[in-house]
Amino acid sequence: MPNPYHLRTRIDRLWRHANSDAPAYRRLTSLNKVVRELFAPNQCARLNHQLYLASDPYDVARHLLRDLYDHASPAWEDPAPVTIEVAPAQAGAAPLVDESPDEDDDPL
């Protein structure tokens, strides 16, 4: 049996694409797919329409949020360690020290 959440997500994506600022031929293609999947005069389209209506939008949102939470990488994990390469000329060089000649060591 097909997943009603997956079907609803696909149909909703096609609806959004049909109402977007995309070129007219793409919007028409999206709308044509929606009509074929949900409103065609055959048994498959009737079953798809029932599946689409059976999935509650709040359940779909909860399902999507759960998928996002399950597949997200935890924030406390360190990403790959960053390595900084030092050129051989810089390896033996003295560190740069910011010395300003305007300042005296004695504040008074």
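Figure 1. Arginine 8 lies in helix α1, helices being DSSP runs of H or I with at least four residues, numbered from the N terminus. In this predicted model, local features need pLDDT of at least 70 and side-chain atom pairs count only at pLDDT 80 or more, whereas totals for chains, interfaces and linings use all residues. Residues are numbered from 1 along each chain as its sequence is written, and side-chain values use heavy atoms, with hydrogens and water left out. Not counting residues up to four places away in sequence, arginine 8 touches Tyr52, Ser55, Pro57 and Val60, where contact means heavy atoms within 4.5 Å.

**Figure 2. The salt bridge between arginine 8 and aspartate 12.** Side chains of opposite charge can pair when their charged atoms come close. A search of the whole structure finds one salt bridge, defined as a side-chain nitrogen of Lys or Arg within 4 Å of a carboxyl oxygen of Asp or Glu. The partners are arginine 8 and aspartate 12, whose closest N and O atoms are 3.8 Å apart. Both residues belong to helix α1 (residues 4-18), where they are four residues apart, about one turn of the helix. Aspartate 12 is partly exposed, at a relative accessible area of 21%, while arginine 8 is buried, at 12%.

**Figure 3. The crossing of helices α1 and α4.** The axes of α1 and helix α4 (residues 57-71) come within 10 Å and cross at roughly 95°, the axes being lines fitted to C-alpha atoms over the stretch in contact and the angles running from 0 to 180 degrees between N-to-C directions. That angle makes α1 roughly perpendicular to α4, a term that covers 65 to 115 degrees, with angles under 35 degrees counted as roughly parallel, over 145 as roughly antiparallel and the rest as oblique. On the α1 side the contact is made by Tyr5, Arg8 and Thr9, and on the α4 side by Pro57, Asp59, Val60, His63 and Leu64.

**Figure 4. Histidine 17 and serine 30 in contact.** Leaving aside neighbours within four places in sequence, histidine 17 is in contact with Ala22, Arg26, Arg27 and Ser30, and serine 30 is in contact with Leu14, His17 and Ala18. Histidine 17 and threonine 29, twelve residues apart in sequence, are 9.5 Å apart in space from C-alpha to C-alpha.

**Figure 5. A nonpolar surface patch that includes tryptophan 15.** Trp15, Leu31, Val35 and Phe39 form this patch, with about 340 Å² of accessible area together; patches are made of residues with over 30% relative accessible area and no salt bridge, nonpolar side chains (Val, Leu, Ile, Met, Phe, Trp, Tyr) being joined within 5 Å and like charges within 9 Å. Accessible areas come from the Shrake-Rupley method with a 1.4 Å probe, and for residues only the protein chains shown count as cover. Tryptophan 15 has its place in helix α1 and is partly exposed, with a relative accessible area of 31%.

Technical notes:
Helix = DSSP H or I, 4+ residues; strand = E, 2+ residues; numbered from the N terminus. Buried < 20%, exposed > 50% of the residue type's maximum accessible area, 1.4 Å probe, protein only.
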